Amino acid sequence: MPKSKRVFLFKLFLVLLAVALFIVPDTIMSPEIEERVMATVLGLDKKEDMYTVTAQVVVPKRASQGEPTQEVVKAEGVSVAEGIEKLNRTLGRRIELGHCGVIALGDLPSLDDLEYFVAGGIVTSGTQLVQVENAAEFIESVKDMSSSAATGLDGFILYATNSNGSATRNLLGFVSDTASASRTGYMPVLEAEKEGDSGSGGSGGASESGGSSEANVPAAAEEGGSGGSGGQKKTPVIKSVEQTAIFVDYKRVGTFEDKETRGLAWIDRGAKRGFVELEKLEHDGVNYGGMYAQLQYKSASLKPYFKDGKPFVCIKVRCKLKLEDMHKLNLLARELGEKEAGNLVQDSFAKLIQSEIGAGMLKAASMDADPFGIRTAFYRFANKQYRAYDPEAFMDDVRVEYDVRVKIL
């Protein structure tokens, strides 16, 4: 066959292929589209020996069928793996978990269950963990957070991971913390309810009362739950991100409230922004009122050492704060002098930070927990002396020192 004829036939083939792709894209692309769905949020509940696995999934569609839809599906199994496999069979598609951003835990699974996710690469190690009362109900509630429910919840968690008022933990961090010398893990406690519902709504977090925050996100196109008046949509609300569930050896031993959670967040290197409130500023018996600032920079570290055979740990915090009301600082400067007023404000914020860390330390001691990682710090940096010390008496004998310095911008 002449070369010119081969070139002509090849060009003709390309033209026909282009026409086919343009006319029947659904037929050509449908096999991959229709064989899988993407899970954005996963929930785990356990009752006796049975797991309930709940997934919020994005179901893709052909271009001619409209926008992808979001569904909540669940299945039971004797293990997490079996529950996921039953979800696949229920949907008739394979669930992709690589984009799962949040795992909501109603009851903490065993180490084997969490290692299944980590070692098997089922989800990414950066997937965030949250504690809820009932994962299935929680996921059903947050489905209506926005037209893209995953974006709503993920955005809420993403902000919390960077905020100095929240103590968040991803999957790998939680497993690593619990496997360390401290044997303590933690994760935020969340609640979800429809705005206007009485009580704690369909799903709750900690049973203990304490500080809470609320995040309102625009409701989805569909109505949010029953009980509304006149078909009015209800806005989902996430609450209590300041509460933190504390676990020792994978067993929940208690809850940090807002002040203790902020204390824990001060040593979290990832939390570098947020709001800092000084309720009152006092000097020589005079109350100058409250002051508010935004965290601009922070570094934190633990320095363990032994002195005269006794364990000490120095908690070092450096941060820069930007006052939201410079007018009050200027008034203080007129009365006390610029340098003294600046030192007063900086020292007052430093004392606040130290008191919040101290509150967390005290609450942790009452639980025999170590979320601050003191044992782990000694194990890493003073191993020989730490291993020779009586393990039962160690945490009671540790003396905590503080080196907290604040700079006002």
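Visitor: How many bridges join strand S12 to S13, and which way do the two strands run?
Guide: Five bridges join strand S12, residues 244-248, to S13, and the two run antiparallel. Keep in mind that this is a predicted model.

Visitor: What makes S12 and S13 count as paired strands?
Guide: Pairing takes at least two bridges. S12 and S13 are joined by five, so they pair by that rule. Ala-245 stands opposite Thr-255 in S13. Phe-247 stands opposite Arg-252 in S13.

Visitor: What lies between S12 and S13?
Guide: Two residues, and the strands form a hairpin. Asp-249 in the turn has a positive phi of about 50 degrees.

Visitor: How many bridges join S8 to S12?
Guide: Five, and S8 and S12 run antiparallel. Gly-185 stands opposite Phe-247 in S12.

Visitor: In what order do the three strands of the open sheet come?
Guide: The order is S8-S12-S13, with antiparallel pairing.

Visitor: Why do S8 and S13 stand at the edges?
Guide: Strand S8 (184-188) and strand S13 (251-256) each have a single partner strand, so one side of each is left without a neighbour in the sheet. Neighbouring strands here are turned by 25 degrees against each other on average, direction ignored.

Visitor: What makes S12 mostly covered?
Guide: Five of its five residues are buried. Thr-244, Ile-246 and Val-248 point one way from S12. Ala-245 and Phe-247 point the other way. In a regular strand, side chains alternate between the two faces of the sheet.

Visitor: Which helix lies across S8 and S12?
Guide: Helix H7, residues 171-179, which runs at about 150 degrees to S8. Helix H8, residues 258-266, also packs on the sheet and touches S8, S12 and S13. The direction of H8 makes about 105 degrees with that of S13.

Visitor: Why is Thr-178 called buried?
Guide: Thr-178 has a relative accessible area of 6%. Buried means under 20%, so Thr-178 qualifies. This residue lies in helix H7. Not counting residues up to four places away in sequence, Thr-178 touches Arg-183, Thr-184, Gly-185, Asp-249 and Tyr-250.

Visitor: Is Lys-259 buried, exposed or partly exposed, and why?
Guide: Partly exposed, because its relative accessibility is 37%. That class runs between the 20% and 50% cut-offs. Lys-259 is found in helix H8. Beyond residues up to four places away in sequence, Lys-259 touches Ser-355, Glu-356 and Ala-359. The C-alpha atoms of Lys-259 and Ile-353 are separated by 9.9 Å, and these residues are 94 apart along the chain.

Visitor: Now the rings. How many aromatic pairs are there?
Guide: The count comes to eleven.

Visitor: Why is the pair of Phe-306 and Phe-378 called edge-to-face?
Guide: The ring centres are 5.5 Å apart and the planes stand at 75 degrees, so the pair is edge-to-face. Pairing needs centres within 6.5 Å, and edge-to-face needs planes over 60 degrees apart.

Visitor: How do you know that this pair links distant parts of the chain?
Guide: Phe-306 is in strand S17 (residues 291-307) and Phe-378 is in helix H11 (residues 374-381), 72 residues apart. Phe-306 is buried at 16% relative accessible area. Phe-378 is buried at 0%.

Visitor: What makes Tyr-389 and Phe-394 an edge-to-face pair?
Guide: Their centres are 5.7 Å apart, with 80 degrees between the planes. Tyr-389 counts as buried at 14% relative accessibility. Phe-394 counts as buried at 0%.

Visitor: Which residues do ring pairs link into a cluster?
Guide: Phe-306, Phe-378, Tyr-379, Tyr-386, Tyr-389 and Phe-394.

Visitor: How do you know that the charged end of Lys-320 sits over the ring of Tyr-297?
Guide: The charged end of Lys-320 is 5.5 Å from the ring centre. The distance cut-off is 6 Å, and the charge must also be within 35 degrees of the ring normal.

Visitor: What is the average pLDDT of the protein chain?
Guide: The average is 80, and 75% of the residues score at least 70. Over residues 25-31 the pLDDT is below 50, and this stretch has seven contacts in the model beyond near neighbours in sequence. Over residues 198-230 the pLDDT is also below 50, with 89 such contacts.

Methods. Residues numbered from 1 in each chain as written. Heavy atoms only, no water. Phe/Tyr/Trp six-rings, centres within 6.5 Å; stacked < 30°, edge-to-face > 60°. Helix = DSSP H or I, 4+ residues; strand = E, 2+ residues; numbered from the N terminus. Buried < 20%, exposed > 50% of the residue type's maximum accessible area, 1.4 Å probe, protein only. Axes fitted to C-alpha atoms, helices over the stretch in contact; angles between N-to-C directions. Contact = heavy atoms within 4.5 Å. pLDDT = per-residue confidence, 0-100.
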